[in-house]
Amino acid sequence: MQNYEESVSFLGTWGRFQRRVFFLLCLTSITSGYNILCVMFLLASPPHHCHIPVNSNLSQDWIQAIIPVQMEAGQPKRSSCSRYELEVVQNLSAWGFTPSLGPAHNLSVLESGPGVLLSGLKQESCKDGWTYSTEYYESTVVTEFNLVCGDGWKQPLTSLAYFLGGLSGCLVSGQISDRVGRKPVLFSAIAMLSVFSSAVAFAPSWPVFTLLFFMMGVGQIASYIALFVLGSEILVGSTRVLFSGLCLPSVYVFGMMLLPGTAYLVHSWRHLSLIMTVPGLACMPFWWLIPESPRWLVSCGRFQEAELLLKSAALENRVEAPQVIFLSAKVEKEESQEAESLSFLDLLRTSNIRSLTLKLWLIWFSLSVSYFGLSFNLSGLYGNPFLNYFLLTAVELPAYLASFVAACSLPRRLSYISFTLLGALALLLIQITLHSYPSLTLTLVLIGKFGILAGTGVLYMFTGELFPTVIRNTAMSSCAMFSRVGSSVSPYLLQLAVFYQFLPWIIVGALSLLSVLLCFFVPETFRQPLTDTIQQMPTTQQSVCRWPWASSAPSKDDGKLAKDQTTAPEIICTTRL
């Protein structure tokens, strides 16, 4: 729809109508942001050890010694999944024996009774359940359903279900939104998120919780996609750039920052789930204040409804609307039908777009694994988990600002490579400081998160500029799919620490470096005209011989095309998701 923005230019860009839509959609994003990190707190696994029954009649020495001590990362730590055989220990305690670590220790306890070498005792699993630390969490899904030790595989599987729900939301919400409208999908997704969040609080078992948690994931991503697309289609010009590039993600991050504070005050996971329904319920009255997308109405041929909506907006802005707003409706409808004829398979049909598509899929997957893997690995750091997650979320605000500024003034490849390389190097250095310098480790984690997220912000715009207009939305959906596949894999990164304690951090940093390397083989788009067809895309040979800081002005033949195209920052509106 090339003439749409010219047709609605009479409204202006910052009237009362635009301000209302701008602020209401930003407020609505708090609902989605508030729920995205819930997996970190609902599924938190506090320190634990085998439960010792109160009526076991053990002496105080044996109560302390019945849990074996193991060495982890060079430091002694009580076993989480085993204990010395309770029946044997009860007999030893009744006979007056005392626990001993070795022969030297036996000499120091001769007065109180003969010592028993602990290393000679057999161990057993936690037959009476577990005792969990309540320092930070009163109860979580892990502690209530005992998702530890033999059932420890259920914890990352539950996280996987949540992110697979997000993947399903990516696949389904866009198609439904194109059929029934942006507004119904937005509020249906918010209602789904609120309903299933409250239902989760009453889950009687782990399988029921996992199913409900999957549906929460569907609603979380579907609501954000719908409100982003709705705002991007209603707002135009610089207002749209400010909305999609800075204000919307900033308010979304503010919603993320609220959850750690709430989890700190509410220590029960069931109460936290109920509180998570509040933002969604508070947004329901916005149904009568947020309009449908007039651009979508025009694309469906519903021109009378679109003109009625725009004339109502003109009255609100106190400007005069023309009698007929869309003069070239038939032409626009034919163009939209031609664009819709392309499918997902066209991303792999020709060599030039196939090479680019495969590289970008791998880049999006790698960066998503790094982003979410960093969040999951944070649980292994020292200090208050609520403060750690708050800082990790707060660092996203300067990251979004940095990516926005860089996108307006620097080449895309240089911006992406610089930010992501900074994050990758910081994450690789963590293995040096992890156990020796906790404060420095947290600083490196925050720098790593800043670099990865700023690189992600540039990647959204970069990807949208690389693909031609006729298949841009399909390409972005496919990249979002691979991003969600990466987030689904990330919960299992922490499990790799069993083989080598630094392996999760090495993988996160290495994947970031891989995305940097692939970016060298992607063509630059800064200050270049946007392509409209697949045939206009640069070939692979044209994209591998330029340094990331090199950008060239458009050729004379492309001068007119560049002038007619949307300015570079404005492409954010169609590429953020």
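1. Gly457 is placed in helix H21, residues 438-466; helices here are DSSP runs of H or I with at least four residues, strands are runs of E with at least two, and both are numbered from the N terminus. With a relative accessible area of 10%, Gly457 counts as buried. The classes are buried under 20% relative accessible area, exposed over 50%, and partly exposed in between, with a 1.4 Å probe and protein chains only. Between the C-alpha atoms of Gly457 and Ala402, which are 55 residues apart along the chain, the separation is 8.9 Å.

2. A word on the basis of these remarks. The model is predicted, so local features need pLDDT of at least 70 and side-chain atom pairs count only at pLDDT 80 or more, while totals for chains, interfaces and linings use all residues. Residues are numbered from 1 along each chain as its sequence is written, and side-chain values use heavy atoms, with hydrogens and water left out.

3. The overall composition may be stated briefly. The chain has 25 helices and 8 strands. Of its 577 residues, 54% count as buried. Among contacts (heavy atoms within 4.5 Å) with a separation of 6 or more, 80% are between residues 24 or more positions apart. The chain exposes about 25,700 Å², and carbon and sulfur atoms supply 63% of that area; accessible areas come from the Shrake-Rupley method with a 1.4 Å probe, and for residues only the protein chains shown count as cover.

4. The whole structure contains 2 disulfides, a disulfide being a pair of cysteine sulfur atoms within 2.5 Å. One of them joins Cys50 and Cys126, with the sulfur atoms 1.8 Å apart. The torsion about this S-S bond is about -60 degrees, so the disulfide of Cys50 and Cys126 is left-handed. Cys50 belongs to strand E1 (residues 48-50) and Cys126 to the loop between strand E7 (123-125) and strand E8 (130-132), so the pair ties together parts that are 76 residues apart in sequence. Both Cys50 and Cys126 are buried.

5. Cys81 and Cys149 also form a disulfide, with 2.0 Å between their sulfur atoms. This link of Cys81 and Cys149 is left-handed, with -90 degrees about the S-S bond. Cys81 sits in the loop between strand E3 (75-78) and strand E4 (82-84), and Cys149 in the loop between helix H7 (141-145) and H8, so the pair ties together parts that are 68 residues apart in sequence. Cys81 is partly exposed at 36% relative accessibility, and Cys149 is partly exposed at 27%.

6. Counting bonded cysteines along the chain, the disulfides follow the pattern 1-3, 2-4. Cys247 is in no disulfide; the nearest cysteine sulfur, that of Cys26, is 5.6 Å away. Cys479 counts as buried, at 0% relative accessibility.

7. Most residues other than glycine have a negative phi. Asn146, which is not a glycine, has a positive phi of about 55 degrees; Asn146 is located in the loop between H7 and H8 and is partly exposed, with a relative accessible area of 26%. Arg318 likewise has a positive phi, near 60 degrees. Arg318 is found in the loop between helix H15 (303-317) and helix H16 (329-340) and is exposed, with a relative accessible area of 77%.

8. A search of the whole structure finds 19 aromatic pairs. Rings of Phe, Tyr and Trp (its six-membered ring) pair if their centres lie within 6.5 Å; planes under 30 degrees apart count as stacked, over 60 as edge-to-face and the rest as tilted. Phe22 and Phe243 form an edge-to-face pair, with 5.7 Å centre to centre and 70 degrees between the planes. Phe22 lies in helix H2 (residues 16-36) and Phe243 in helix H11 (residues 237-265), so the pair ties together parts that are 221 residues apart in sequence. Phe22 is buried at 3% relative accessible area, and Phe243 is buried at 0%. One aromatic cluster is formed by Phe41, Tyr136, Tyr137, Tyr264, Phe386 and Tyr389.
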